[in-house]
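Subject: A structure for you to look at

Hi,

Here is the structure I promised to pass on. Have it open while you read, and I'll walk you through what turned up.

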Amino acid sequence: MTRHETLDLDKARIAGGVASDQKHDSAHKHVSGEAIYIDDMAEPAGTLHACLGLAEVAHGTITSMDLSKVRAAPGVVTVLTADDIPGENDISPTGLHDEPILTKDLVQFFGQPIFAVIAETREAARRACRLAKIEYAEEPALIDIADAGADARLVTAPLKLERGDSAAAIAAAPRSIKGQMRVGGQDHFYLEGQIAFAMPGEDGDVTVFSSTQHPSEVQHMVAHALGVSSHAVTIEVRRMGGGFGGKETQANLFAVISAIAAKNLNRPVKLRPDRDDDMTATGKRHDFLIDYEVGFDDEGNILGVDFTYAARCGYAADLSGPVTDRALFHCDNTYFYPAARAISRPLYTNTVSNTAFRGFGGPQGMVGAERIIDEVAFALGKDPLEIRKKNLYGTDDRNVTPYHQTVEDNVAERVIAELEASADYAARRREIAAFNAKSPVIKRGLALTPVKFGISFTATHFNQAGALVHVYTDGSVHLNHGGTEMGQGLYTKVAQVVAEEFQIDIDQVKITATTTGKVPNTSATAASSGSDLNGMAAQDAARQIKTRLIDFASEAHDVPKDQVVFLPGRVRIGNREIPFADLIREAYMARIQLSAAGFYKTPKIHWDRDKGEGRPFYYFAYGAACAEVSIDTLTGEYMVERVDILHETGRSLNRAIDIGQIEGGFIQGMGWLTTEELVWDGKGRLRTHAPSTYKIPLASDRPKVFNVALADWAENAEPTVHRSKAVGEPPFMLAMCVLHALSDAVASVADHKVCPRLDAPATPERVLMAVERVRAEGAR
């Protein structure tokens, strides 16, 4: 071998290993338009297009349905109804059989699918849908959970968490306050809408390209609907154009309809709803009514709390049980309650069944916690940050949650202290007070809020993952795992883990589409666990192969195993170094297996829902954010002037991607708490079903100054993949600082003597009404 051929043997570090700032593997394709999404795939000859026919009442019974004009419309090939489903007419993810694919008699929300048109073109299918003649016997509809009574119908069993005697603690406290808070829902507004493309195969098989976060669940739903075994159905997804939880269960409907049509007609079928139908027919973040009572002393120490979290769940359970459970799990945020009681009320309503959304109920739970902090602070005339710090969890004591898990990794106090200093909180607080004293119209507000977010699926069995790794004879690596890529950088991170194990450059690792044909029985890419689970599974597969290579090299070269060391681009075997690819070729010739299936299951976790006790979370992720805002007290309009964030991600696998997740999560959280308002009218029609009426944040809405930093000292206390921490969901809750900064600005109109009780989303209208109410109460 010549010197030119062995230059790589001098490498000190691989390109693209763990803890290096790698760009997203598809970033250049995203910005150039080269990334292939399902609607970009070449359509085989004979492809048909589907469109859903949706109900036009919120609650009632179908008395007659005339689809003759639909079937006779130009380009229509067939029309599917509930009678055309060969298997089970249900896509309930929890097995409650309460979510029909196509309803036959009973309509339970405006926009519920009744039939599907299959036509030669998408436009023909959409036009034909409008020709249906359906008559209903309308019944009263429950739309708003505020109208639900004490004995209202629930979609699933509620949860109660209890530690200590909260009623006695509140009754004995020197002070107590009770109140109610409304927290709005949120549409996922993924850039790529729902879509499925089904290809029929032989022997009853079907392949569905689905924009889904949960390929295995889609596989099961399609199989059940077709009346076939799971092995006859393959689900594949290379990438999604955003998911945020909205493609965890909601993709089932579109995949099932396209698959049934494809099998019935033996032709490929694509179903891509337009944005209006997508927003009308798919679930959203749950909105909540939170009733709270808190007992506290004159120093601001919280002595007892009592929460009731009532959620608009829609007509079916979907994931409302675990979502409302997680809301209760986060009713403490970073605060220790000596006595606590929290119950959930997952309420039935005649609206679309709400579903997973980034944070999965945790954000709503935390907002309730932060409201009682504000209540205590205003009652005592203290800075809310002082009350927050006074009630933080401890380390050796004051460290047990309302669900009886001991907090063992608490760094909230350090994160808050560092951000308070770096954001210059105290000086800015004084400056803002001086500004407000001289400014009669424009008022400024400042708030610093922490986050403690539990990481793991609360359904313990979902905390597992598989991966498949092949090493080819030229030293290149093929990687597949059960995680899905929705823009968050999971594929890149897992590839970095594999590259690190083999000590090869990341461009030697081929990232491949997630498919149920390679890795079976996968969990959803959700709960911020994508890198934790799939990274560990891929690492396990790579280490299996490494172990075989080490055993082979030791025997073939007659050296001890500890003298076989993987170095960047090469392997040291005793006193000799050879390129990685050379060792692979030698191993192949010696018939060493160069493929492995990896597996990982999260340790330590357990949860007894009936008792409300256990360890549902493997660890917690922490962060804090400080926001400064200005409001116009004449109009309610506002600007976010500055935001400072300090977030800890353990030993970050990829700081560049993590910072991107923090920035994006914060802006999405800010939208939820400020501009994104879902409005249903009295007939149960969603009126905010397009970007013309539903306002997600614009580039111009971002903070004028936006400082984001990772805690450079952080390390996960648990042995996760390279001691990293999850970063998908926790940053979303950092945006609570904006809501509380707005509240602080509103409170300034009455010299901070009245708690604004600002509900979310804090639209300009709500801010203006809060200003008027606080000003009136302050003048009494």
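Let's begin with a pocket. The second largest pocket has 23 residues in its lining, and those nearest its centre are Leu-54, Ala-55, Glu-56, Phe-110 and Asp-277. (On a 1 Å grid over the protein atoms alone, a pocket is an open set of points where a 1.4 Å probe fits, with protein on both sides within 12 Å along at least five of seven lines; lining residues have an atom within 4 Å of a point.)

Before going on, two notes on the numbers. This is a predicted model, where local features need pLDDT of at least 70 and side-chain atom pairs count only at pLDDT 80 or more, while totals for chains, interfaces and linings use all residues. Residues are numbered from 1 along each chain as its sequence is written, and side-chain values use heavy atoms, leaving out hydrogens and water.

Back to the pocket: its space comes to about 630 Å³, counted as the space filled by probe spheres set on grid points joined across faces, edges and corners. Which element gives the most to the lining of the second largest pocket? That is S1, with four residues. Strand S1 (48–54), helix H3 (122–129), strand S6 (133–138) and helix H7 (275–281) each supply at least two. (Helices, H or I of at least four residues, and strands, E of at least two, are DSSP runs numbered from the N terminus.) By class, the lining has eleven nonpolar, four polar and eight charged residues. Here Ala, Val, Leu, Ile, Met, Phe, Trp, Tyr, Cys and Pro count as nonpolar, Asp, Glu, Lys and Arg as charged, and the others, Gly among them, as polar.

Next, salt bridges. Side chains of opposite charge can pair when their charged atoms come close. With the rule that a side-chain nitrogen of Lys or Arg lies within 4 Å of a carboxyl oxygen of Asp or Glu, the count is 47. One of them joins Arg-371 and Asp-759, at 3.4 Å from N to O. Arg-371 is in helix H9 (residues 362–380) and Asp-759 in the loop between helix H17 (736–747) and helix H18 (764–778), so this pair ties together parts 388 residues apart in sequence. Arg-371 is buried at 3% relative accessible area, whereas Asp-759 is partly exposed at 22%. (Buried means under 20%, exposed over 50%, partly exposed in between, with a 1.4 Å probe and protein chains only.)

Lys-725 and Glu-648 also form a salt bridge, their closest N and O atoms 2.6 Å apart, and both residues are buried. There is a network too, linking Arg-428, Arg-444, Glu-628, Arg-642 and Asp-644. Arg-444 has another contact: its charged end sits over the ring of Phe-435, 4.7 Å from the centre. (That needs NZ of Lys or CZ of Arg within 6 Å of the ring centre and within 35 degrees of the ring normal.)

Last, the rings. The structure holds 18 aromatic pairs: rings of Phe, Tyr and Trp (its six-membered ring) with centres within 6.5 Å, called stacked if the planes are under 30 degrees apart, edge-to-face if over 60, and tilted otherwise. Phe-307 and Tyr-337 make a tilted pair, 6.3 Å centre to centre with 45° between the planes, and both are buried. Phe-329, Tyr-403, Trp-607, Phe-617 and Phe-620 are linked into a cluster by ring pairs.

Cheers
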